[in-house]
Amino acid sequence: MIIDTHAHLSDEKFDTDKNVVIERAFNAGVKKIIEISCEPQYWDKALELSKRDNIFVAFGIHPNYAEKVSTEDYKKIEFFIQEKKCVAVGEIGLDYHYDFSEQTAVLQKELFSIQLKLASKFSKPVIVHSREANEDVVSIFKALKVIPKGVIHCFSGTPQQAKKFVDLGFLLGIDGPLTYKKSEALKQTVLEAELSSLLVETDCPYLSPQKYRGQRNEPSYVVETLKEIAAIKNIFFEEVSKSTTQNALELFNL
Ligand SMILES: [Zn+2]
């Protein structure tokens, strides 16, 4: 069994053929999918989707939403997090990729901290979005009394950066970009990482693996990332799928 631990099937790009996409995933061995819903306007849609068998959900507010978040959103998210099939809070974190002011950074950190508290209040793991912000994310975690369990979503850094997160108890979420030629640092990270530290995810409809580059990504393509990990580590596909699935089952309590 394979698990896509990070999908955005509520995205409009899946509106016309969602059933086919999900069936294709199940047929490819991807027997469970975690839908990530990190913009308030999609929460209802994702909740509806999570009522299907073998689809789970994470609710959160993405850092790029920090300037728009309302008190109403904060009230609502508490209820969504308590939903039966909500297995994590996410994706949450910091995103310094886009032009941003000092004020935006402050708002992102506040949004992140509030949601870390919610995760701890409801004993849920976190799915962390850290884009060009690894240092700040690490120091925010180090300042916490209790560091939550979780995954660094779409990890793309060096072995040294990976170690900082793994030492804090986090797993590394590995996505399609691992299959790109230029992802040398990430390949090295995967080579050095223990299998017990890795999760696989698609982040679909984004980040298609090399074989499908330029096309919409979907959960069944997570197989390509598993194949690449196996090739890099020179081990069998089954060993990689078994370990990463076990890691996902444990982290998200599936
Ligand atoms: Zn995502």
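The legends below describe an overall view and close-up views of one predicted model. Residues are numbered from 1 along each chain as its sequence is written. Because the model is predicted, local features need pLDDT of at least 70 and side-chain atom pairs count only at pLDDT 80 or more, whereas totals for chains, interfaces and linings use all residues.

**View 1. The protein comprises nine helices and eight strands.** Helices (H or I, at least four residues) and strands (E, at least two) are DSSP runs, numbered from the N terminus. The C-alpha atoms fill a box of roughly 45 × 40 × 35 Å, taken along the principal axes.

**View 2. Helix H6 (residues 159-167) has Ala162, Phe165 and Val166 as its buried residues.** A residue is buried if 20 or more other C-beta atoms lie within 10 Å of its own, exposed if 12 or fewer, and partly exposed in between, with C-beta atoms placed from the backbone. On the other side of H6, Gln160 and Asp167 are exposed. The buried residues of H6 pack against strand E6 (150-152), strand E7 (171-174) and helix H7 (184-192), and H6 is followed by Gly169, whose phi is positive, near 100°.

**View 3. Ile174 is one of the residues with the most contacts inside the largest nonpolar core, which has 66 residues.** Such a core is a set of buried Ala, Val, Leu, Ile, Met, Phe, Trp, Tyr and Cys residues joined through C-beta atoms within 7 Å. Leaving aside neighbours within four places in sequence, Ile174 is in contact (C-beta atoms, placed from the backbone, within 7 Å) with Phe155, Val190, Leu198, Leu199, Val200, Thr225 and Ile229.

Note on methods:
Contact = placed C-beta atoms within 7 Å.
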